[in-house]
Amino acid sequence: MRNVLLTLILILFSTDLVAQGFNSFNGRNHPYLNWQVAETAHFKIMYPERLAGIEADAAAIAEESYRALSKNLNVEFEDKIRIYLSDEDEINNGFAVPIGNGYTNIWVGLNEYAELWTGSEKWLRKVIAHELAHIFHFEATRTNLGLLNYVIGDPTPGIWTEGLAQYQTEKWDSQRGDRWLRTAIFDSRPSYTDGQSLFNQRLLYASGNSQVRYFSEMYGDTTLAEMLAQRESALGLFTYHDHDRAFRKTIDKSYSEFYEEWRKHVNIYYNTLASQMGRVDSLGADPENLPGQYYYDVKYSPDQSRIAVLSLPSLQRPVRRLYIVDNDTVRASQVAADGNIKNDITWSPDGNFIAYSRTVRGDQSSLLNDVFLLDLDGFNEEQLTFSRRAVSPAFSPDGTQVAYIVNEGGTGNIFKYNFDTGLEERVTSHEGDVQVINLVWNWQRDELVFQRFDINGDRYLVIHDPYIGSEWVIDDGKTDNRMPLVSPDGNSIAFTSLRDEVPNVFVTDLETGSTRRVTNLFTGGEAFDWLGQSDTLETEKLVIKATETKRREHIYLVDAGMQSERIDPEITEAYTTWRKHEPPTIIPWQIDPDESLIEQRYDYRSWNHITHVVSLALPYYAGPDDYGLFGVTTWAEPLAKHLFLAAGLLSFGDLSNSYGLFSYINNQLYPTITLSAFRVPGPARFYGRSLLLDNLTGADMSVRWPLDRFEAPYRESWIGSGLRYVSIDPFTLRNVDFPVSLPEPAKARQFDLRASWILKKERPYYRNMLHPVDGYGLQVSVKGSERFFGADTAFLTLDAGAYTIIELTGIHRIFLTGRFQFQTGDPLPQDYIGFSRIDNIGLPVDPGFETLQSVQTERVRGYRSLIAGRQVAFGSIEYRAPFLPSLNTSILGFLRFGPTSLALFTDAGSVWDVTVSETENISDRRLGFGTEIKNIVGLGPLRFVHSVGIAQPYNELFERDYKIYYRIRASVPF
């Protein structure tokens, strides 16, 4: 049991350990970056040398944030806070980590963020202040338990962590709050954990933002700081902070009671507001029959015969898919593409092509946006730009050019690409902190239309002549009018505005300059397209997305001439003021760079920034001769260049029962290199009737190198290699006598080298662990050993495997898998290839070394005898079908049984050059049939698939001697 405990803890700690730097999001190391440091009074700002100059902006924002947050939360820091800035990817995000005194990693040099959020704050101001608020929150609740506080308490629940950061550093607005919260409240589904909405994560932010504002208004900002300072005592030696206990001590009510108070308060506000705004039925249209539960973009072809629909099929199948739909009464559809397609699809004038952008691997393995062209004759996709950080394509009127927005280090500019010449031409020459989003080409007037987020924080809709460079704006830049659409005659622009704290649709006449409101929807609406009159449309229509529930969205064709009135709502002021409540000290919304704040500069030294993550030591007892201490410690560098893990069991009863592991992960080069020294139990497997383990003592070096060449949506590939010197000492969990025909497991020293390649594709599905509905995989590995440095074994093992999933009807599937193994030389008896008597355990855990198959030996179900040889072939075909959605069973909250599926299968295999057989007259060719029930089981934080089945050899089919078996095996082999 202690071996299992050690293994589980190592898996959990190693998973947390590797998820520390930028590479935890982008999956790649970037060794070419030359990191620099600029120190201020309270910060160390780390940035690549190529971003020189950004430190002055970051320093000013960080110091202003420190001044305000320290006053508001009564928190000061003894050590300087570390801020890491990188432009290696186009990821509109940042994260803060409560390690050491906290640090934050932030992606910079971005353009798209202007579309994700609203308001006048620029990216650096928004994200640095926000992440520092997290770090101040961590510090305000920090205790002498360190990260172990998260084990015995809940110091920073996600909803309040995000809510506090937004309240302290941002204004209440549509994109970060109102539009998501009002829909959920109106839908009577305010929970962000119910799994019923694509936008539940946004609802978490919105709910937290609202709750903290309401709390601070009702109970005061000093009470908020007091609550964060509350501590509980543990064993008289330690203190810890727990959110709910602090709530009760501070305001004499639990968080649950506060939640109900808040929910009723915002419920009154939103429902009163709803009574004075329009409902979806005011659109005067029925929902269109289009594929998808949530819609990112909808564009009709120029002749309106087809519809391009970018949508999410369902929450259970969260795959962005581009459908091409016939615009008739049947509405037949085809999937043209899928993956991380941006919501910027556009048709060519002839209707033969669609352009859009994707996030793909670019130069130096960075995640960058590029423009793609989809030929609708065969759905062949062509990449048009390469590492250009390009989005929002728009075809010219004659289709010979396509314009797009290019992110030039955080500055948005427009370029044109000529299909005939293959040349790119600059259209705009913006400089500095200016972003451009939502580009369209007005074909009738041959003009470009887009939103420009200028250096002063104003957002203008701009009309731009792409030939002579003249331009004019059509609004005042204060109301965030976005997503422009051009009328069929080119003389009007429809747009979606966030002025109502939810999106609503407006139209501006370019001839008169007048603007009218089209929608006044309480839960908002966004316009995707503007359709002209046709054989099927008597009037022009706006294609509008709207909903009154968080559970799905609908598309409506709304009369383009529609006009709505906006009446200022009358709501009791007491229910509205929480939206505008602000902390006592406000961080300025615009902050000028200040070079004078930087006290010193120098090259970054990663070894100097290794930081303690967590350490733990606990007694254990496994019997009268086996008791002692278990300990683990982890250390990390914030860029994940160096990661350390040490763990072990020290047995006071018998030192031979002690185990230990030291592992060092290096990410300074493109591949990840892991060095380990260990004395640990190896993976358990069955040998004959016995469960066999190996005591492994030695050292290992492994390398993992991701391959961009094979990367595609939902597909990844990598190669791995390793070198190991190990002493192998096998043992069983109980004393057994092995059959005469079965050699006893041997003890030996082994020096082995391994190499492997894997290619795998799997689209997301909410039950992929149990019942994946598509995907394939291919793996090849080789492992060899030689008698170097006193080693005892010499052998070579080749292993190749593949699987694929074939779609039937609904979510019924056929699963095919095959495997071939070859072995030569003199391996240890227990390292045989062949078929085992009992199914070995196969968990979906990637340890980063050893062979890629989760089990070394297969079993032909229906047979219960071991056979080994020099060559082995195995194949299986399974018909898989969902059976029960969930057993809804939980035992003591620790053991849980989830959904279930049913499988009918045929296994087949053959062994050549038989070396060992457990019984006489054993068959070297096997064919078994059976049925199996698979179920997901949860054991504490772990989840895996286990199965119960019956199987028989082909020549005993339907006889009474059914072979009932139990096994733990992942749904796919690797």
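**Entry 1**

I take buried as under 20% relative accessible area, exposed as over 50% and partly exposed as in between, with a 1.4 Å probe and protein chains only. Strands (E, at least two residues) and helices (H or I, at least four) are DSSP runs, numbered from the N terminus.

The model is a predicted one, in which local features need pLDDT of at least 70 and side-chain atom pairs count only at pLDDT 80 or more, while totals for chains, interfaces and linings use all residues. Residues are numbered from 1 along each chain as its sequence is written, and side-chain values use heavy atoms, with hydrogens and water left out.

I then followed the pairing of S35; two strands pair if DSSP finds at least two bridges between them. Eight bridges link S35 to strand S34 (residues 642-651) in the antiparallel sense, and in this pair Phe644 has Tyr664 of S35 as its bridge partner. Strand S36 (residues 672-681) also runs antiparallel to S35, joined by seven bridges. There I found Ile665 opposite Thr674 of S36. Five residues separate S35 from S36 in the hairpin that they form.

**Entry 1. A three-stranded open sheet**

I traced an open, antiparallel sheet of three strands in the order S44-S45-S49. Strands S44 (833-835) and S49 (916-917) stand at the edges with a single partner strand each, so one side of each has no neighbour in the sheet. Three bridges make the antiparallel pairing of S44 with strand S45 (residues 867-869); Ile867 in S45 is the bridge partner of Phe835.

I recorded 12 bridges between strand S50 (residues 925-939) and strand S51 (residues 942-953), which run antiparallel. Ile936 faces Val945 of S51 across this pairing. The two strands form a hairpin with two residues between them, and Gly940 in the turn has a positive phi of about 60°. On to strand S52 (residues 963-968): S51 is joined to S52 by six bridges, again antiparallel, with Val948 opposite Tyr966 in S52.

**Entry 2. Thr817**

I located Thr817 in strand S43 (residues 813-826). Its relative accessible area is 17%, so Thr817 counts as buried. The Thr817 side chain reaches the backbone oxygen of Ala802 at 3.2 Å. Leaving out residues up to four places away in sequence, I listed its contacts (heavy atoms within 4.5 Å) as Ala802, Tyr803, Phe874, Gly875, Ser876 and Pro973.

I noted a positive phi near 60° at Asn438, a residue other than glycine. Asn438 belongs to strand S20 (residues 435-442) and, at a relative accessible area of 12%, is buried. Asp446, not a glycine either, has a positive phi of about 55°. Asp446 lies in the loop between S20 and strand S21 (447-453), and its 24% relative accessibility makes it partly exposed.

**Entry 3. Nonpolar cores**

I looked up the nonpolar cores, that is, sets of buried Ala, Val, Leu, Ile, Met, Phe, Trp, Tyr and Cys residues joined through side-chain atoms within 4.5 Å. The largest has 124 residues, of which Ile128 and Trp160 touch the most other members. Helix H5 (residues 123-140) gives the most to this core, 11 residues. Beyond four places in sequence, the residues that Trp160 touches include His137, Phe215, Leu224, Met227, Phe247 and Phe258. Another core of 17 residues lies apart from it, with Leu283, Val505, Leu521 and Val558 among them.

**Entry 4. Packing of helix H8**

I examined H8 (residues 174-186) against two helices, using axes fitted as lines to C-alpha atoms over the stretch in contact and angles from 0 to 180 degrees between N-to-C directions. The axes of H8 and helix H12 (residues 255-274) come within 9 Å and cross at roughly 95°. H8 is therefore roughly perpendicular to H12; angles of 65 to 115 degrees count as such, under 35 as roughly parallel, over 145 as roughly antiparallel and the rest as oblique. Leu181, Ile185 and Phe186 of H8 are among the residues making this contact, as are Trp262, Val266 and Tyr270 of H12.

With helix H9 (residues 200-219), H8 packs at about 100°, the axes being 8 Å apart. That makes H8 roughly perpendicular to H9. Among the residues that meet are Trp180, Leu181 and Ala184 in H8 and Leu203, Tyr205 and Ala206 in H9.

Note on methods. Polar contact = N/O pair within 3.5 Å; in protein donor to acceptor, adjacent residues only side chain to side chain.
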